[in-house]
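Look at the sequence and the fold together before reading on. The report below goes from the whole chain to single residues.

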Amino acid sequence: MMTKLFWGALSATLTLLSSGLLLETPAMADSSREASAEGGNPHGVTTEANSLPMGGETTTAVGLEQSLATMPEVEPSAEELIAEMEQVTSVSQLTDVQPTDWAFQALQSLVERYGCIVGYPDRTYRGNRALTRYEFAAGLNACMDRISELIAAGTADLVKKEDLLAVQKMQEEFAAELATLRGHVGALEVRSATLEKQQFSTTTKISTELITYVADAFGDRASPLNNANIGHRLRLDFDTSFTGKDRLRTRLQATNLRKFNVGDVFGVSPVGRATSDLSDETRFLATSTSSNSEVTLNRLQYRFPIGEKLTVFLDANTIDPSIVTDPITPFNDQATGALSNFAQINPVWFPLGNQAGVAVNYAISPNFQFDFGYQAEGGSPNDPQLGLFNAGYSAFAHLIVYSGTFKLGFFYMNSYSPQFGVDTLAGSNAAKILGAGPVVGNGYSVEFDYRINSWFELGGWVGLTQARTLGTGTRGDANVWNFALNLAFPDLGKKGNLGGIVFGMQPKLTGTSNAAVATAIGLPEGQREDRDTGYHIEAFYRYQLTDNLSITPGFIWLTAPNHDSRNPDAVIGVIRTTFVF
């Protein structure tokens, strides 16, 4: 009688296994708990996003689940079944099992005597699904493990000889299926161990960005001075997370970009600069124009949260505020935003030469954020004679107001530079205030951006830099202004595309306090500011071919280059191709 009861109970139980019933094995349960506790992912983390969630699974549980999931006629998957199972301690907890059901006694025996039945969270059993031989073999193996536990625990009186004989008979009948199942699990464990030994890093994700430019310059003077050329910038980012919320970014970069010669023979040449005399008005990116595809370390930054409102950035290489605070413009992305360096970012934000520092984001409330930071200049941070605080630096503060789709920012920067003046890699050469000794700068800007509807965005900025020169015999003050108005057309033509129009004035020297300063920075005798006002007009259309590839044709029109109307207008035609993966 006992043999028949056990045989009937076990057969009924395993026949209904795929309908929401699994036999819980302690090994699998323990593995699942270990996976939850570790939270590790052997294949990497996500990416300039503020969160880096990481999750994980253990080899044993995953091996069994994947083996079942790949076997024929298993529906739903083993992962879905295991995720939904809950331990049942009494058959009365199964709401769709009644005492009149033919399998009621079998279920009652296995639930209350052997404790190896689990059901769905809604307390249903769902006993009408089909069962494969593989599922039956897996369930039989699990039940055998449970009986072995009872024997080891000194509860052998609960397991009768007839029961063991019945189980032994079934084990022999399903030996082939059990061997196949064990083979699947063993192969997956070997494969997992191999991957763990050979994987690049347990916490690092690699991403690549390649930008290429095909461009030429046109104009009365520009056309004969330039030919169509191609340039590129390649970046390789290694993003590592130790906690799932932090990020260490190590960036390698190679570039061969050049500036175009617009033939601006009138105006000031960049006094004291080691680079070419060409104006920065034609720059595509805030990137070196003297490199010849050499691979360099471009960024080394560690970002981590403190609580829910505070995020800290530690930098040991090139850095500027746009990397650590919201620039409030849809065109700031160098790979997919505006074509020119000027149209991508307010020049006040970009003091040349910063290479190390610390910054903080503080979310005051959903509508207000306050960011601030301190950044050292050039190679001074690791120079014992200078260090972080005795050489060039910049310190900034940025208050941001968010209201729906409207953003407003108030930015201030104080800087001191013995070698770069207030050079921002944009604007006229005179506006860099070079040649009059060390320069203290106070930069102010107001930025706004308003997403009026799903297809139109309006934004812009106004920036002022007040510079004070400290050279012997050249002490004085100078003012530099710039502005821009942005029109953005998100998803123009299809989702992911972007159209853009930028009208603005690159940094212009609007006045100096004395002739000594004006002469030192290269202005002709009697001239105290840039002679005229030139405008920057830019239009582009980014067409998103795939998630990883976009093509952006456009043009940049410079009126009165170097802010001198004696220089004829110049137009630069550009086709940019961007690969991001």
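The sections that follow describe a predicted model.

## Overall make-up

The protein contains 11 helices and 18 strands. It has 581 residues, and 48% of them count as buried. Its accessible surface is about 26500 Å², and carbon and sulfur atoms account for 58% of that surface.

Strand E8 covers residues 354-365 and pairs with strand E7, residues 310-315. These two strands run antiparallel, and 6 bridges join them. E8 also pairs with strand E9, residues 368-377, through 10 bridges, again in an antiparallel arrangement. E8 and E9 form a hairpin, with 2 residues between them.

## Asn-414 in strand E11

Is Asn-414 buried or exposed? Its relative accessible area is 18%, and buried means under 20%, so Asn-414 counts as buried. Asn-414 belongs to strand E11, which spans residues 406-417.

The side chain of Asn-414 makes a polar contact of 2.7 Å with the side chain of Tyr-393. Leaving aside neighbours within four places in sequence, Asn-414 is in contact with Tyr-393, Ser-394 and Ala-395, and also with Val-440, Gly-441 and Asn-442.

## Two loop residues with positive phi

Ser-293 has a phi near 65°, a positive value in a residue other than glycine. Ser-293 sits in the loop between strand E5 (247-255) and strand E6 (296-306). Its relative accessibility is 34%, so Ser-293 counts as partly exposed.

His-563 is another residue other than glycine with a positive phi, here near 55°. The loop that holds His-563 runs between strand E17 (549-558) and strand E18 (570-580).

Methods:
Residues numbered from 1 in each chain as written. Predicted model: local features only at pLDDT ≥ 70, side-chain atom pairs only at ≥ 80, totals over all residues. Heavy atoms only, no water. Pairing = 2+ DSSP bridges. Helix = DSSP H or I, 4+ residues; strand = E, 2+ residues; numbered from the N terminus. Buried < 20%, exposed > 50% of the residue type's maximum accessible area, 1.4 Å probe, protein only. Areas by Shrake-Rupley, 256 points an atom, 1.4 Å probe, with all protein chains shown as cover. Polar contact = N/O pair within 3.5 Å; in protein donor to acceptor, adjacent residues only side chain to side chain. Contact = heavy atoms within 4.5 Å.
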